[in-house]
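Student: I'd like to learn how to read a model like this one. Where do we start?

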Amino acid sequence: MKYSLAVLIVAAVLLSACSTAPVPVEVLQGRFETLEGFEVERVASSQLVGSVVNMTFDPAGRPALAIERAGVFLLVDGDGDGVFEKTLEYANQIHTAHGMHYLGPGDLLVHAEGPDGPGLYRLLDRDRDDRAEEVQLIALSDGDIQEHGPHQILEGADGHLYVLFGNHAYPEVRVSPDSPSRGLREDQLLPRYLDPRGHANRIRAPAGTIHRLSPDLSEWRQLAAGFRNPFDIAFDASGELFTFEADMEWDLGLPWFKPVRILHVIPGADYGWRTGSGKFPSYYLDTLPSVDEVGRG
């Protein structure tokens, strides 16, 4: 998976029947398929933003971009025409942030490579000059910021943070002993076939995890585990948590291949990723099936 983006693209609802105002940005025709009423617009050039690996919005509504092998930048639309013409460097003390979440104005959490190594950092802009002058380490990760490493950070309706890890990383913290998903280990009855190229051969359960982090950033509870490499998470309108799980493309055609799928994240659930041929079929009683399987992705 490559995260380089040729352009930063924002999809916006354009209800042309309700408005006659001209669209002030370039509409990209023919390249994308959209639902009726939607169009895709170019709001920033690749020359301006480079390789974007993550994006969120600050409390003022401005896009905050995590750049590959660089820091966090804010996009600025100075003339209000809907096109961003410059960036502000919010933080250069970290780089390649695969997770971003604002706790408030000038208070940004990131999963990134930082001064002490890969982990969860808090970037503080106390004087509100759009530049973080303080970096606080919240928790290190035992795996690097990479495709299967620490990923998204999301706030739930309960005020807690939900923190996602791929199967090559885990937070170096004391996990609460009363976590919904606790003590998950492996018990393989049959010998397994390992990947001949060595991918993830040393990785064992709990593999990828989702943790629930208290608002004061002190208590970690392992919510669910057994993921391969979901990169992002989201809540639906009723507050239920979902993720989009990646496949192992080299396993295509093998009996244990699992397609890209959408998972409903249930506290305490084990979604059955194990290295090589040890993966749990969806019909096992001690795992959960997908909400939908989308095939390759």
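Tutor: Let's start with a cut-off: a residue is called buried under 20% relative accessible area and exposed over 50%, with partly exposed in between. Keep in mind that this is a predicted model.

Student: Okay, so is R69 buried or exposed?

Tutor: R69 counts as exposed, because its relative accessibility is 65%. Its place is in the loop between β5 and β6. Look at the backbone too: R69 has a positive phi of about 60°, although R69 is not a glycine.

Student: Which strand holds T96, and is T96 buried or exposed?

Tutor: T96 is found in strand β8, residues 95-104. With 9% relative accessibility, T96 counts as buried. T96 is not a glycine either, yet has a positive phi of about 55°.

Student: Now the strands around that loop. How do I read a sheet?

Tutor: The general idea is that strands of a sheet pair through backbone hydrogen bonds, either parallel or antiparallel. Here, an open sheet of 4 strands has the order β4-β5-β6-β7, and the pairing is antiparallel. Its edge strands are β4 (52-57) and β7 (86-91), each of which pairs on one side only. On average, neighbouring strands of this sheet are turned by 30° against each other, direction ignored.

Student: How many bridges join β5 to β6?

Tutor: There are 3 bridges between β5 (residues 63-67) and β6 (residues 72-76), and these strands run antiparallel.

Student: What about omega? Where is there a cis peptide bond?

Tutor: Go to the bond from A205 to P206, which is cis with omega near 20°. P206 is found in the loop between β13 (161-165) and β14 (208-213).

Student: Let's zoom out. How many helices and strands are there?

Tutor: The protein has 1 helix and 19 strands. Its radius of gyration is 20 Å, close to the 19 Å that the globule rule gives for 297 residues, so the protein is as compact as a globular protein of that length. Of the 297 residues, 46% count as buried. And among contacts with a separation of 6 or more, 52% are between residues 24 or more positions apart.

Student: Last one: what does the confidence look like?

Tutor: The average pLDDT is 91, and 92% of the residues score at least 70. Over residues 1-23, though, pLDDT stays under 50; for that stretch the model has 42 contacts beyond four places in sequence.

Technical notes:
Residues are numbered from 1 along each chain as its sequence is written. This is a predicted model: local features need pLDDT of at least 70, side-chain atom pairs count only at pLDDT 80 or more; totals for chains, interfaces and linings use all residues. Side-chain values use heavy atoms; hydrogens and water are left out. Two strands pair if DSSP finds at least two bridges between them. Helices (H or I, at least four residues) and strands (E, at least two) are DSSP runs, numbered from the N terminus. Axes are lines fitted to C-alpha atoms, for helices over the stretch in contact, and angles run from 0 to 180 degrees between N-to-C directions. The radius of gyration is taken over C-alpha atoms; the globule rule is 2.2 Å times the number of residues to the power 0.38. Buried means under 20% relative accessible area, exposed over 50%, partly exposed in between (1.4 Å probe, protein chains only). Contact means heavy atoms within 4.5 Å. pLDDT is the predictor's confidence in each residue, from 0 to 100.
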